[in-house]
Amino acid sequence: YRQSAKEKGTPDPTTTPPSSDPLQTMGCCSGRCTLAVISSLQLVFVLERQIFDFLGYQWAPILANFLHIITIIFGLFGTIQFRQRYVIRYAIWMVLWITWNVFVICFYLEVGDLAKDTNLIMTFNISKHRSWWMENGPGCVVVTITDMPEWVPEDHRYIYVRGCLLGYQYIEVAHSSLQVIFALLGFIYACYVIKIVAEEEDSFDFIGGFDSYGYQGPQKTSHLQLQPMYMSK
């Protein structure tokens with residue numbers, strides 16, 4: 001009498017969970033961990049940038065930073081909890097975020113017809129403030145001019161900035177360049193995590209979901225042997 005693999009309690013190879021492959025599990029874990037680290041660094045640097053944009057009354061970057069913070073939080077949640085749709089939205093937003101930061105770089109470097117002194121783009125023409133780094137950059141000395149022109153509003157001051165070791169536009173460009181680098185890394189690892197999660201879901205559905213992992217107890221078999229019976233006439 002021979003017992004089958006199910007009766008002996010030996011797991012059936014066809015019911016092995018898709019995550020039992022150590023290489024696949026390692027790759028998925030490393031990709032998720034790397035994406036989580038990148039998202040955390042993005043969150044730290046965008047919060048730092050948001051503070052200085054608030055101090056400079058840069059309303060367009062403030063709005064963009066706020067959307068970026070929300071997307072990073074959802075992307076980080078999707079990475080940790082294996083929620084594919086959140087990671088997909090994170091990846092799509094990374095493309096838009098790269099586009100925005102490239103525009104900011106071109107704006108401060110005055111590429112083409114762009115001019116960094118335009119109020120409409122960064123402040124929605126609500127105020128005449130510039131970047132916070134314009135007056136508070138490294139080595140900058142602010143000199144207030146008392147003899148103000150007539151066109152200067154009474155609640156504003158007329159200043160002259162000198163001695164800056166680095167122009168404020170280059171500091172803003174450095175901030176945007178750092179965001180572009182993190183966004184590129186985040187997009188690459190987000191696509192990798194999406195691919196891994198999709199492969200695991202496909203293999204999991206192929207073997208029948210949780211039904212394949214149900215415990216099947218040993219089947220009782222009868223040891224009685226049927227013997228032919230002969231009846232006399």
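The model is predicted: local features require pLDDT of at least 70, side-chain atom pairs count only at pLDDT 80 or more, and totals for chains, interfaces and linings use all residues. Residues are numbered from 1 along each chain as its sequence is written, and side-chain values use heavy atoms, with hydrogens and water left out.

Select Cys140 and Cys164 to begin: these two residues form the disulfide, with an S to S distance of 1.9 Å. The torsion about their S-S bond is about 125°, so the disulfide is right-handed. Cys140 sits in the loop between helix 5 (133–136) and strand 1 (141–144), and Cys164 in the loop between strand 2 (159–162) and helix 6 (168–206), so the pair ties together parts 24 residues apart in sequence. Helices (H or I, at least four residues) and strands (E, at least two) are DSSP runs, numbered from the N terminus.

Next, display the accessibility of the cysteines. Buried means under 20% relative accessible area, exposed over 50%, and partly exposed in between (1.4 Å probe, protein chains only). Cys140 is buried at 15%, whereas Cys164 is partly exposed at 34%. Select Cys33, which is partly exposed at 43%, and then Cys106, partly exposed at 24%.

Finally, move to helix 2 (residues 59–81). Its 23 residues reach 33 Å from the first C-alpha to the last, close to the expected 33 Å, a span defined as 1.5 Å times one less than the number of residues. Just after helix 2, select Phe82, which adopts a positive phi of about 60°.

Methods. A disulfide is a pair of cysteine sulfur atoms within 2.5 Å.
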